Amino acid sequence: MNSKDSKNVGSGNTPPPRGRGRGRGLGLFPGSFDPFTLGHADIVKRALGLFDEVVIAVGYNERKAGWMSVEERVSKIRKLYEGEPRVKVESYTGLTVDFAKEHDITAIIRGVRTTADFEFEMQLADVNRQLTGIETILLPASPQFASLSSSIVRELAHFGHDISSFLP
Ligand code: ADP
């Protein structure tokens with residue numbers, strides 16, 4: 001992992017909620033964020049245009065072996081958003097919908113890069129809605145980040161490549 005100082009992506013340049021009125025509640029952006037990439041930061045920025053606040057929730061994912069510890073991911077992401085009071089960063093275990101219910105979340109936010117992402121996210125969104133009634137908002141990846149994944153970044157780091165251009 002590159003130890004270069006992280007850029008602060010939360011200071012001053014995030015959009016207010018768009019459209020008529022305010023009070024659009026709390027968006028939950030759950031994921032592994034191992035590591036948190038420019039693609040994730042782009043989703044957070046766009047979600048801030050839809051919600052008053054966004055909670056980035058770093059989950060323990062049993063299907064994915066961790067590269068950084070969850071604590072390390074949380075502290076790095078918190079540092080990125082130090083200047084943005086509308087972004088909170090938490091960790092959680094268990095089901096995303098249980099976390100969502102406990103925190104009175106308005107909707108879950110997920111990013112979609114490919115048709116494979118889409119199929120997976122559709123199933124997840126459907127199950128989550130059936131369990132709790134909580135809706136999922138799928139944001140299409142911005143073209144410049146559509147090929148970017150945490151796993152590719154980890155792979156590049158593993159072989160000694162500089163990954164700083166993929167990270168906020
Ligand atoms: P998970 O293990 O839950 O898939 P990830 O950290 O891999 O966690 O991804 C979290 C969310 O961010 C997912 O909805 C994923 O599709 C989305 N995402 C990941 N990379 C990008 C990207 N480059 N652009 C847009 N969305 C992305």
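Contacts (heavy atoms within 4.5 Å) between residues at least 6 apart in sequence join, in 79% of cases, residues at least 24 apart. The model is predicted: local features need pLDDT of at least 70, side-chain atom pairs count only at pLDDT 80 or more, and totals for chains, interfaces and linings use all residues. Residues are numbered from 1 along each chain as its sequence is written, and side-chain values use heavy atoms, with hydrogens and water left out.

**Exercise 1.** Determine the order of the secondary structure elements from the N terminus on.

Solution. Helices (H or I, at least four residues) and strands (E, at least two) are taken as DSSP runs, numbered from the N terminus. The protein has five helices and five strands. Their order is β-α-β-α-β-α-β-α-β-α.

**Exercise 2.** Decide whether Ser147 is buried or exposed.

Solution. Locate the residue: Ser147 lies in the loop between β5 (135-140) and α5 (150-158). Next, apply the cut-offs for relative accessible area: buried is under 20%, exposed over 50%, partly exposed in between (1.4 Å probe, protein chains only). Ser147 is exposed because its relative accessibility is 65%.

**Exercise 3.** Classify Ser150 as buried or exposed, and state which residues it contacts beyond its neighbours within four places in sequence.

Solution. Ser150 belongs to helix α5. Its relative accessibility is 13%, so Ser150 is buried. Beyond those neighbours, Ser150 contacts Asp34, Pro35, Thr37 and His40. Finally, a polar atom of the Ser150 side chain lies 2.7 Å from the backbone oxygen of Pro35.

Conventions
Polar contact = N/O pair within 3.5 Å; in protein donor to acceptor, adjacent residues only side chain to side chain.
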